[in-house]
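User: Could you walk me through this structure in a few questions and answers?

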Amino acid sequence: MERKVHVQTTINGEPAEFLCEPRQSLLECLRDILNLTGTKEGCNDGNCGACTVTMDGRIVTSCLVLGVEAEGAEITTIEGIARGNELHPLQKAFLEEAALQCGICTPGFIVAAKALLDQEPHPTEERIRWWLANNLCRCTGYDKIVKAVQKAAQEVTL
Amino acid sequence: MKWFDYQAPRNIGEAVEAMTLHPTARPLAGGTDLLVQMRAGRRTPDLIVDIKKIPELNQLHFEPGLGLTLGAAVPCYRIYNDSAVSRAYPSLAEVANIIGGTQIQGRASIGGNLCNAAPSADSIPLLIALGATARITGPSGERTIDVAAFCTAPGVNVLQPGEILVSIQIPPTAGGARYLRFIPRNEMDIAVAGAGVSVTLSNGNIQSAKIALASVAPTPITVDASSLSGAPVNDDTLKKAGELAAAAAKPITDMRGTADYRRHLCAVLTRRALASAIAAAKESK
């Protein structure tokens, strides 16, 4: 009995609903159904973190969440990070520190780093590196990314 | 991924009923192993039973004197963020913090790590060393078995059709415990070998020690450490514990390491884990 499921959820603070197959991941639902293509698909098995979104305040790899599991949840994607037309300090810092090259990993890094700064405004470099261990970048190396997060941490608290 | 249906029951009875009606059904907790396996075609359930909305499976409750009730669906982050649990079982909090990265720990559960029954499961050697039991419920009622007997082959466990893991029970600890693994990276990797050790002390000697190993047999295995009881706390005893572990290991050679290397790692990791557990036991007195 192949029936799509009606999912009601909250995405970036707005009520959202969609029809999906139970086998579709949250990542597929975001990108292919809701056209929120800022969230990227990398490995599709939970290793790379490119598809990171927050779900009820916790970062998750959306490739390892079913769309149907979003029922009643609060999801934040990269599209929900900027404050209106104003970039979030993390987004600015990533640009200023050149913390990206190809950019595929960047939405995941920013969503993950924001979740850290929201709960710990002054993380140590070691803490940042451990927190972001589930996010892989194959272009820049991690120094610029970590520096950008550190820079944003200063800005956020100004 | 092949088509499947999805249910999210609110109580154990409904979950068992769904699991019983669909013999190929799989319970879904964090999904960090299951969805990867399904995508690869290694598991093809016709029904996914999301167990995260069942209260008993979300229980995380520590009672001094009684121990810890760890619901099968409790994600790792809840363990290390719970100060009472982290104080009572620092080794468990540490294990919850080394399984995957932050994103995985937001979803993955220790119960799922147990049910997935990987030979390399990081939490299982520690659970065995801590004397944990698994509370199972199914169509013919409830039963409890030792975690040490839960895994039967790679990816296979004792659960019968219709049965689900409800919780893991960990008795109160009087001593210290530690799990150590070797991975080539600093995080986000599968253990080449792992050793979980618990120890209680009496008059400066070892009263009892438990050792279990990961990644060196088709399932996590228990090492017979009874010969360590009564042994003095010294380097010879640590060395002997390492030798017991290396002798009990039945590793294979694969891309992660050779059998000889793994046997060597068992000795080193067990020795270090025991030393660390002894230090923790002394501190807790």
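This is a predicted model: local features need pLDDT of at least 70, side-chain atom pairs count only at pLDDT 80 or more; totals for chains, interfaces and linings use all residues.

User: Is A:Q8 buried, exposed or partly exposed?
Analyst: A:Q8 belongs to strand 1 (residues 5-11) of chain A; strands (E, at least two residues) and helices (H or I, at least four) are DSSP runs, numbered from the N terminus. Buried means under 20% relative accessible area, exposed over 50% and partly exposed in between, using a 1.4 Å probe and protein chains only. With a relative accessible area of 44%, A:Q8 is therefore partly exposed.

User: How far is A:Q8 from A:A70 in space, C-alpha to C-alpha?
Analyst: Contact means heavy atoms within 4.5 Å. Leaving aside neighbours within four places in sequence, the contacts of A:Q8 include A:A16, A:E17 and A:A70. A:Q8 and A:A70 are 62 residues apart in sequence, but their C-alpha atoms are separated in space by 7.6 Å.

User: Which residues have the most contacts inside the largest nonpolar core?
Analyst: A nonpolar core is a set of buried Ala, Val, Leu, Ile, Met, Phe, Trp, Tyr and Cys residues joined through side-chain atoms within 4.5 Å. In soluble globular proteins, nonpolar side chains tend to be buried together. Here the largest core has 57 residues, and those with the most contacts inside it are B:F150 and B:I168.

User: How many residues does the second, separate core have?
Analyst: Members of this second core include A:F18, A:V53, A:V65 and A:L66. Its residue count is 31.

User: Which side chain does B:Q103 join through a polar contact of 2.8 Å?
Analyst: B:Q103 is in helix 6 (residues 102-105) of chain B, and at 0% relative accessibility it counts as buried. Leaving aside neighbours within four places in sequence, its contacts include A:G49, A:W131 and A:N134. A polar contact is a pair of N or O atoms within 3.5 Å; within protein, one must be able to donate a hydrogen and the other to accept it, and residues adjacent in sequence count only if both atoms are side-chain atoms. The partner side chain at 2.8 Å is that of A:N135.

User: What is the geometry of the aromatic pair of A:F109 and A:Y142?
Analyst: Rings of Phe, Tyr and Trp (its six-membered ring) pair if their centres lie within 6.5 Å; planes under 30 degrees apart count as stacked, over 60 as edge-to-face and the rest as tilted. The whole structure has 3 aromatic pairs over all chains. For A:F109 and A:Y142, the centres are 6.3 Å apart with 50 degrees between the planes, and the pair is tilted.

User: Why does the A:F109 and A:Y142 pair tie together separate parts, and how many residues apart are they in sequence?
Analyst: A:F109 counts as buried at 1% relative accessibility, whereas A:Y142 is partly exposed at 27%. Because A:F109 lies in helix 3 (residues 106-119) of chain A and A:Y142 in the loop between helix 4 (125-131) and helix 5 (143-157) of chain A, the pair ties together parts whose separation in sequence, in residues, is 33.

User: Which residue caps the N-terminal end of helix 9 of chain B?
Analyst: The buried residues of helix 9 of chain B include B:T237, B:L238 and B:A241. A side-chain oxygen lies 3.1 Å from the backbone nitrogen of B:D236, and the capping residue that supplies this oxygen is B:N234.

How values were computed
Residues are numbered from 1 along each chain as its sequence is written. Chains are lettered from A and ligands numbered from 1 in the order in which they are written. Side-chain values use heavy atoms; hydrogens and water are left out.
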